[in-house]
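This briefing concerns how the chains of one assembly are arranged and how they meet. Please consult the sequence and the structure alongside the text.

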Amino acid sequence: MQADIVVEILNYVGIVAFALSGALKAGEKDMDIFGFAVLGFSTALAGGIIRDVLLGRVPPVNIAYLPYPLTALLTSIVAFYLYPYVKRFKDLVLYPDAVGLGAFAAIGADIAASYCQNMENCWLTVMMISSLTAAGGGVVRDILSNEVPVILRREIYATAAALGGLVYILSLPLGRGVAMLVTIVVVTSLRLVSLVKGWELPRLKKHQV
Amino acid sequence: MQADIVVEILNYVGIVAFALSGALKAGEKDMDIFGFAVLGFSTALAGGIIRDVLLGRVPPVNIAYLPYPLTALLTSIVAFYLYPYVKRFKDLVLYPDAVGLGAFAAIGADIAASYCQNMENCWLTVMMISSLTAAGGGVVRDILSNEVPVILRREIYATAAALGGLVYILSLPLGRGVAMLVTIVVVTSLRLVSLVKGWELPRLKKHQV
Amino acid sequence: MQADIVVEILNYVGIVAFALSGALKAGEKDMDIFGFAVLGFSTALAGGIIRDVLLGRVPPVNIAYLPYPLTALLTSIVAFYLYPYVKRFKDLVLYPDAVGLGAFAAIGADIAASYCQNMENCWLTVMMISSLTAAGGGVVRDILSNEVPVILRREIYATAAALGGLVYILSLPLGRGVAMLVTIVVVTSLRLVSLVKGWELPRLKKHQV
């Protein structure tokens, strides 16, 4: 299927961008080259690993299918040796990162939906797995860095991926391939617009805390 | 079975109370509404999710059975909008929280025991799964909040749930339903008495540290 | 097989040494006796538990086979009551800890390799599982202690275990038993030499950060 090839290419864009985001955090935390590898790997692949474990797909594809971990690890190691350049252009990484967010959300939704007998009973499961696939790696990265995960505090990120799960379900009548592409476009656009506009989710007012 | 209905009602009491405890922590950490949802969900359901993954029950019931995640997420979102009230009455949450501790411990013990051929070889497994089901969510909440899990430092909490596993095994000859009810009564009572009396577990003396 | 007995003895050396390392961290963090038990258990057994979950071996042997958790928990509780002595001799624990690192890496590699149809496609998986089995528990210990995992920042530790996975694969033509023993000798020696010599992995130069 043609759509599958597009999704797979965008998946690699996501793995590279997410691994760079992990490597940048490793540098910020003064980690060694092994720390770069672990943070790059985790940011790119831990969300999908947890998804597969929850659905009983073991060993997880992100561990067992050589090209995925190899891409994440090589990206992290290259980022270690070229750290000053990666750091200088880190704002540019936000664009492929948004593409990866969309691709991971679409892949997560597609896999979760394949376990559903009845979409009426599992829309929430699909949304959660979609969000977990796309944003779970960033949570692991932040926990390993001893920080409160950034997605719990600000920015439209995991929420965009969760909405992607809903978009996937609603567009599934058009076919799996189309549904994935629509999901990617919606999630990536929502993320990029929210970045540009500085949109954030509701928070408590100061006097409530 | 009548006992099952009682246990299920107490299970929902636990989900709501635990989700409130997650939401309170999210507020304390200045998280946005998505952070409230994740912390409420995790505190209520992560212990059971990890239990199911460890026992090969996938997808975990806390993800796949719509009413559980829906209850946890709706509770968290309501707590966000009513935060000042939830915060004012947070000491009251400790009572349903103790009920939830008992219910989760009993459910965990019951599930773990169903995997045992021979109770002599798996009393420790049942105790561990019981404690994990009841207290694992709070550990995930604290890790996501970048804190040392409170159950590792003070209070009779996870220990009461572990003892619940033993109580379940010992009362199993009376039937599964009775064993679960006895477990709930013992764990909840132990937790409440320890709260009132200020009981704590042994710690190192200052000069030993 | 004779080699199996040797590996199993060294496995217990590792469980005890790793549990002591967890207990020492629990003491440093002013935890109660339950915290000692959880940190000792996690440091010794969490790596193997995550390995088993990833490979679909559930319930994990470190939970289901009574002697393993019992050894880890009893060690942790003894360490609580004899804390001043354990603390005084903590540098000595580094030697059995290095033996445990080798044993855990060899066991992890042996289990991971048994899932491979084709070693050319899964050398990286074996290396990752080997490193995870040996060093994953320490990561869980540090996360529960609210610290950046030490293996991400300095010392040759998880890297030695990952190399052990490669050593196992290369020596597998000599038979599984021999391959495990060779792996243990190489990993343990590499760890000990790097400790004595103060070897560390590459890090960013100060001006790059």
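What rotation and what shift along its axis superpose chain A on chain B? The rotation is 120 degrees, the shift is 0.0 Å and the RMSD is 0.0 Å, the copies being superposed by least squares on the C-alpha atoms of residues with pLDDT of at least 70 in both. That is the relation of a three-fold axis.

The model is predicted: local features need pLDDT of at least 70, side-chain atom pairs count only at pLDDT 80 or more, and totals for chains, interfaces and linings use all residues. Residues are numbered from 1 along each chain as its sequence is written, chains are lettered from A and ligands numbered from 1 in the order in which they are written, and side-chain values use heavy atoms, with hydrogens and water left out.

**Symmetry**
- Within chain A, the residue that comes closest to the rotation axis is A:Asn146, with its C-alpha at 3.7 Å.
- The copies use different surfaces, since 10% of the contact residues of chain A recur in chain B; contact means heavy atoms within 4.5 Å.

**Interface between chain C and chain A: extent**
- Chain C gives 31 residues to the contact and chain A gives 32 residues.
- About 2,600 Å² is buried between the two chains, with carbon and sulfur atoms giving 68%; this is the accessible area (1.4 Å probe) that two parts lose on being put together, summed over both.
- On the side of chain C, the residues that lose the most area to chain A are C:Leu54, C:Leu152 and C:Leu204, together 25% of what that side buries.

- C:Arg203 forms a salt bridge with A:Asp30, and their closest N and O atoms are 3.0 Å apart.

**A residue of chain B**
- B:Ser194 belongs to helix H9 of chain B, residues 176-197; helices are DSSP runs (H or I, at least four residues), numbered from the N terminus.
- Is B:Ser194 buried or exposed? B:Ser194 is buried, its relative accessible area being 2% (buried means under 20%, exposed over 50% and partly exposed in between, with a 1.4 Å probe and protein chains only).
- Leaving aside residues up to four places away in sequence, B:Ser194 touches B:Ile156 and B:Trp199.

Methods
Helices (H or I, at least four residues) and strands (E, at least two) are DSSP runs, numbered from the N terminus. A salt bridge is a side-chain nitrogen of Lys or Arg within 4 Å of a carboxyl oxygen of Asp or Glu.
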